[in-house]
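I opened this entry to keep track of what I looked up, chain by chain. The structure goes in here before my notes.

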Amino acid sequence: MQLTGFVRFLWAACFLGHILLLLVLFRRDRARSFPIFTTFVVFNIARTIVLYLTHRFLLGDAYAHAFRFFLIPDETLQFLVLFEVALHVFRPTGVWARDVWKTFAGMACASVVLALPLMWLALPSTATQARAIYVRGVFLCALLMSELFVSMLALSATVGLPWKTHVARIAQGLGAYSIVCVVTYTISNYFGNETQIFAVLATIRSTAYVVCEGYWIVMLWQEAPVPRELPESMLTQIYALQRQVEYDLTRIRTWRRS
Amino acid sequence: MRSTYFAVLAALFLATLIGVALHFYLRARRSAGATWEELLKRLIWIDHDRIAAIAMDAVTESGDRRSDDESFNLDSSTIWSLLGGLEGLEALEKNCQVLVELAAYLQRWHPEALVVAEQLRLNAREIEWHVGRLKGAAQTGNIQASFGDYAQRAVVTYYFMTRHVLELYDRAGFSGLAELQSAL
């Protein structure tokens, strides 16, 4: 398998990007808040090393096999990162917001229902059946990721749950990248997966990912706005107020006019 | 033929996806970046005395359900006219959203206010639910039967929400409290 100079550059940029991102996550102490995202970054570093060694020292289809082997953990981790974002957004007080969980689960199911016909309609012109399954699989994952991202955006805006600075940045990067994936996979499914267009689209995807990494590095390096500290007495009052608001709502729910 | 269907469906899917993403992204950004003045401007004027009259018909100042002879005297048509019908209720619903954003605004500087903001958000969702039920009833022509109960419940929730938001700002020692009091 021959790699062009630009693809080699993208590969190196992606690897360096992940190293830098990992340093930022630990240096700024974000790894503790985003353990799954940190695992995703570590996984990508390990994957790049293994793929490089495979490409450098093994012959035949070894690289292609290794690349596909990493696909399942890679996609799984991407979904888990999105779930980690959901945990931050929809559990503002540490437990799932009461009015959100069912809608969130419903939206996840609806995403699958919407994505399946599109995946079924895609007719990748590939040399082997295994390759066709692979192409459809990655297309389905991209569809689901983009749908889930948009659903979360819509749900949080509708129910009035704000996204904290770093959570929003991680989600925006991943969301934008998944939309680029959907666009490029759609085009390659339409024009065929064994053509020159496929290689160009793959390069576009890789470039988009490197840009996304750069965005994460810059945004996660920056600190969120510093909150002002409240005195202990005010904190106690605020917690008492929260209990009062909760109590009021419970009472209003139970009364009847007659 | 199948590839044509695929292309059409994929184009529709992408256009919808990007459209929805942009719409909600801009909405969330507008909401997160709203200034104090912008939030106050979004509050629709509602006669506080009328709100208090409807609320106090059902509950006491401390929030307990009234059980005396004078309680629940207001019938559906009186509540309807005091509130200004469905339009009044919709104004109340819109104000609830602003109240939630006001709590979130305070939370930007005092993250501890999150617990109250979250509870207020649930209150607002409850009001949305009541208004939704009433809108549904209006479409089927059954609004008179359900207006009194749902509307009064929504008003009581709103009445306490306004009080709690004011209390939250008061306890956090926020300087814009007087402006907020007059806006509410």
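I looked up burial in chain A and found that buried residues make up 31% of its 258 residues, a residue being buried if 20 or more other C-beta atoms lie within 10 Å of its own, exposed if 12 or fewer and partly exposed in between, with C-beta atoms placed from the backbone. This is a predicted model, in which local features need pLDDT of at least 70 and side-chain atom pairs count only at pLDDT 80 or more, while totals for chains, interfaces and linings use all residues. Residues are numbered from 1 along each chain as its sequence is written, and chains are lettered from A and ligands numbered from 1 in the order in which they are written.

I then noted that chain A has 9 helices and 0 strands, helices (H or I, at least four residues) and strands (E, at least two) being DSSP runs numbered from the N terminus. Among contacts in chain A between residues at least 6 apart in sequence, I found that 75% join residues at least 24 apart, where contact puts the C-beta atoms, placed from the backbone, within 7 Å.

For chain B I recorded domain 1 (1–32) and domain 2 (35–183), with bounds from an automatic or database domain assignment; their C-alpha centres lie 35 Å apart.

Which residues of helix H3 (residues 48–58) of chain B are buried? I listed B:Ile51, B:Ile54, B:Ala55, B:Asp57 and B:Ala58. They lie on the same side of H3(B) because they cover an arc of only 155° around the axis, taken from the directions from the helix axis to the C-beta atoms. The face turned away from that buried side carries the exposed residues B:His48 and B:Asp49, and the cover over the buried residues of H3(B) includes helix H4 (76–83) and helix H7 (143–171) of chain B.

Notes:
Two residues are in contact if their C-beta atoms, placed from the backbone, lie within 7 Å.
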